[in-house]
Structures are given as C-alpha cells and as structure tokens.
Amino acid sequence: MNEARSLVPKVKGLNCPGCGNALELRSMGRAISVTCPACMRVLDARDPNLKILEEFFGGQRVIPEIPLGKRGKLSGVEYEVIGFQERQVIVDLVAYCWYEYLLFNPYKGYKYLVNSMGHWNEVTPIHAIPRDTNAHGKRAVEYEGQKFTHFQSSDAQTSYVFGEFPWEVHKGETVRSDDFIAPPRMLSREKYSGEITWSLAEYRDYREITQSFGVPLHAPSSGTPFANQPNPFIGKPTRAWMWFLATFAAMILLAMFLSLASSSKVVFDRTFTVDAQSEEEKAFVTETFEIPSAGMLHVDLHSDVRDNEAFVGVTLINEKTGRGWEFARTLSHYSGTDEGESWTEGSKSATVNLAGIPAGTYYFRIASNLDGAEGAIRRSVVYSIKARRGSGISWGLFFLVLLLLAIPPIWYSMQKSNFETRRWLESDYAPEQSSSNDDE
Amino acid sequence: MTSPFYMIYSVLLVGAWAVISYKGYSLDRYQQINDVPRTVRNNPGAYRPHYSDGPRYTGGK
C-alpha cells in the first residue's frame, strides 16, 4: 500500500504549445523529451515552455498494446509504462519492426519491455562493458562469467515515438546495433554519435507479461524462434537417452533371466530314411517323448538329399489332449555347372519354431517321400528330426524393440537441433540461398 | 526426469517384449489342430494332415 502511494507520480500540469492539449509527465522531472498525445509533436521536457523539438509529419499512428500509464510487476518490482517507440531495420527494402516500452520506477529507474512479433524481452541497461572474446568461430562477448555469441548487427531506426523519454528522441534516428545471445539472455550494444550503450535482455513469455500488466497479448506470430528464445527441448534429449540406456540394460537383464529360466534341452532326436523307390508318402508315428515345460520348441530337419527333393510332413501331437501342430517342408539340393561355373540350389535343412507348446507327453506323425522332378536321380535319403526346448527370445525382436525405444530420444534430439537451426536462420550467419539462375 | 509418455511407452514396449519372449512366438508357418484322432497312432496313413504350405495336401496310405 505504502509502495503504491509512493509510486503516484508528481504530475505536472502542462499544455502543448502546438495544439494546447494537456500533457502529463510521469517520470518525476527526469524526462528530457515528451510527445503530445494529440498532435504527436516531440517537445523538450526540460524547457518550461516545452520547446517543439520535432513536428509530426503525419503517417499512421501506432497504438501500443500496453497503454501508457499502465503499471505492472517485472522481476518483483512495479513499473509504469511512460514511453513507447517503434523501431525498425530495413532489409532489402522491407521494414522489420519491433516495439519498445519505456518503464519507470522512481527507486529502480528505467527498464524496457521489447516486443518483436510477440516475443517479449525485459531489458535492463547495464553499465559494465563486456569483454570481447569468441565462441565457436564467431565473435562473442563475456559478461558476468557467461559468453554471449554474436547473433546479428543492424542499423536500427526509430520510426515512431510516444510518451516521455530520458533522452532527446528523434523520429528517424538510426543507431548501429549488435546483438549477442546466450538464451534466454541477450546483450545488445548500441552505438550512436560515438556513444556506446549496453543493455541486458531476458526473454519473457507473453503470458507472463499479460499477467503482469493485465492486458491481453498475442502469442508470437510466427513459428520462427527469436534470437534469445529458450529452446524448449533443452535437456530433453539427454534425459530421454539416459532412460533409453536404463531400459536397454533392463532388457539385457531380462533376456539373461529368460535364457537361464528356459533350458535348451533336446527332447527328441531320430534319423529316418526315405526309400529311393518311394513315390507316395509313407506315414508313421514315433515313440513318445516328454516336453518338461511350456514354451518354444525348435524342430530341426536335416537331410543328405542330393540332386533331388525330399518332402517331409510333420505333426506334433499331445498324447493326452489330442492337440496338434502341423507343418511340411521340402528339403532339396540341386547342383550343376553352367558355362564353366558351378551352381547349387535348395536347402538340405529347415528349422521350424513352434511357440507356446504346453508341457506334456508328445509324439510325431511323420510322412515323407521323394518329390523330385521326373528324371531326378533317385537314391535313398536319410533325414533327421531333432526337437529341442529353447527360450522364446528372438534377437530380431529384441533389436526391433530397441529401435522402437530409440525413436523418442532421436526425435527429441532432432527437434532440439532443428530449433537451433531455425533460430540461426534469422542471424547474420544464415547460409546464403543459392542462386537458381546460373550465368552461362 | 524424462517425459512420462516416454516412460509409459517404454514400459509397455518392454513388458510386451518380455511376455512374448517368455511365452515364445514364431513367424514360421504351421497349423494348430485341436482334435487329432487317437486312431492316428494305429493307422497313421489314414490321417489327413492340414499342411497349408507344403507341396502336398494329403498323405497317402
């Protein structure tokens, strides 16, 4: 309450010498220039008669989003908006504008709020001179132990003024400006008539300013990151990769546990013969064997077939329940020579993986015959069937899961990098666009 | 701390992988039959298998 009363400015009753409009000064006698809100003339606030410094030569009036006289808290301190400027840089005949609000607190002095396309910065003039250095091959300055990398240099022109200022403002005044960034902070150097001033900017979300000053503000108008806008993906790739590594370690431990839990035991291993003269399938059943626990059963078929094909049909049958698992494979092998080069074709072996086989007593029904084309060499074929329990772990699936797990950290890394790339496209270091027309 | 969505996503993915690996899975082609007749032990040639991918459809006697 006491602080609020102490902020009530000593309003001096003045009238514009140009149009007679009443003027209001808020900065307690510190203003050097003031604009008339009616006729927009720039007046000398030090002159008791308010000498006219600059006429307003027409043009569009710019309405500040935060009206003059509005108060709000920044960094815990209450300020009042007393001045407003529109500034611009002209690049390739295109004007890029931003808006500066001059704020005043009788105890803390002046501060600025700068709005560039919805990106807000709280700017404080500093008196120290940052030290020149370099960073990643670019010019840089060091301030309070932090490096600020050069982002861009430009000629900033004042295109509109409104309110009161502690310096003599002139529309059209141009200063040489250099910006150095260390997001969310930015150091700006302005050079005018041999005088250099430094200021430190801190990025502020537009919602924070809305809440502070009680005026509805708009989100940034473009998706292009501002010079010192904090990267929203900072830290996320690192945390995601750490989690990925932890998950990978957990999968390795699980795989080891599952491998140990399921024994790789051979439960059936027999050899059979297909008669050379056999043309029809001959079916038979084997003796029973035990599968001790539920899980995967790998059935390996192997033959010594040569220049022929052996058809093998297999049915694994649970003696008690009558459930069966059936498959057929053709084991073949052909070879020859073609223009001096030898060739082979076919596979003498096959493995079939049967999943979810319950524990129990089983036997095989097997049917086989030679299946070669007419004219193929007919000789007896010996083949073996081996059934073994094994873990269900497939390394193909393991790496597929790993790949799926890597997608989010890869995405975070790409987003973080993409944000920085887009930020620097607005700097003096953006890659030049290649010309599409080459001179012949 | 990493994103909760990523944590949930990875837990579900690894959990599914663990269950599949424990139970076993196969991409191989084979048929499951629920009621193979007991007579197949005495007369295996009379049984009609259901191979879906072999070159032969029926067994001979």
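This is a predicted model: local features need pLDDT of at least 70, side-chain atom pairs count only at pLDDT 80 or more; totals for chains, interfaces and linings use all residues.
Chain B has 61 residues, with one helix and one strand as its secondary structure.

**The helices**

- Helix H3 of chain A covers residues 236-261. At 1.5 Å a residue, its 26 residues should span 38 Å, and the end C-alpha atoms are 37 Å apart, so the two figures agree.
- H3(A) and H4(A) have axes that come within 8 Å and cross at roughly 170 degrees. An angle over 145 degrees counts as roughly antiparallel, and that's why this pair gets the label.
- On the H3(A) side, the contact with H4(A) involves Lys236(A), Pro237(A), Ala240(A), Trp241(A), Phe244(A), Thr247(A), Phe248(A), Met251(A) and Ala255(A). H4(A) answers with residues including Phe398(A), Leu402(A), Leu405(A), Pro409(A) and Tyr412(A).
- Which residues of H3(A) are buried? They're Lys236(A), Pro237(A), Ala240(A), Phe244(A), Thr247(A) and Met251(A).
- Those buried residues of H3(A) pack against two helices, H4 (395-424) of chain A and H1 (4-23) of chain B.

**Where the chains meet**

- The contact between the chains draws 42 residues from chain A and 41 residues from chain B.
- Several elements of chain A each put at least two residues into the side that touches chain B, among them H3, H4, strand S21 (308-318), strand S22 (324-338) and strand S25 (360-370).
- H3(A) gives the most to that side, with eight residues.
- Buried residues make up 25% of chain B.

**The four-stranded sheet**

- Four strands of chain A form an open, antiparallel sheet in the order S17-S26-S20-S24.
- At the edges are S17 (266-274) and S24 (349-357) of chain A, each pairing on one side only.
- From one strand to the next, the twist averages 15 degrees.
- S17(A) is joined to S26(A), residues 381-390, by eight bridges. Within that pair, Val266(A) has Arg388(A) as its bridge partner.
- S20(A) and S26(A) also pair over eight bridges, again antiparallel. Here Leu297(A) stands opposite Arg389(A) of S26(A).
- How many bridges link S20(A) to S24(A)? There are seven, in the antiparallel sense, and His298(A) has Asn353(A) as its partner in S24(A).
- S20 (295-303) and S24 of chain A also each supply at least two residues to the side that touches chain B.

Notes:
Residues are numbered from 1 along each chain as its sequence is written. Chains are lettered from A and ligands numbered from 1 in the order in which they are written. Two strands pair if DSSP finds at least two bridges between them. Axes are lines fitted to C-alpha atoms, for helices over the stretch in contact, and angles run from 0 to 180 degrees between N-to-C directions. The expected span of a helix is 1.5 Å times one less than its number of residues. A residue is buried if 20 or more other C-beta atoms lie within 10 Å of its own, exposed if 12 or fewer, and partly exposed in between; C-beta atoms are placed from the backbone. Two residues are in contact if their C-beta atoms, placed from the backbone, lie within 7 Å. Angles under 35 degrees count as roughly parallel, over 145 as roughly antiparallel, 65 to 115 as roughly perpendicular and the rest as oblique.
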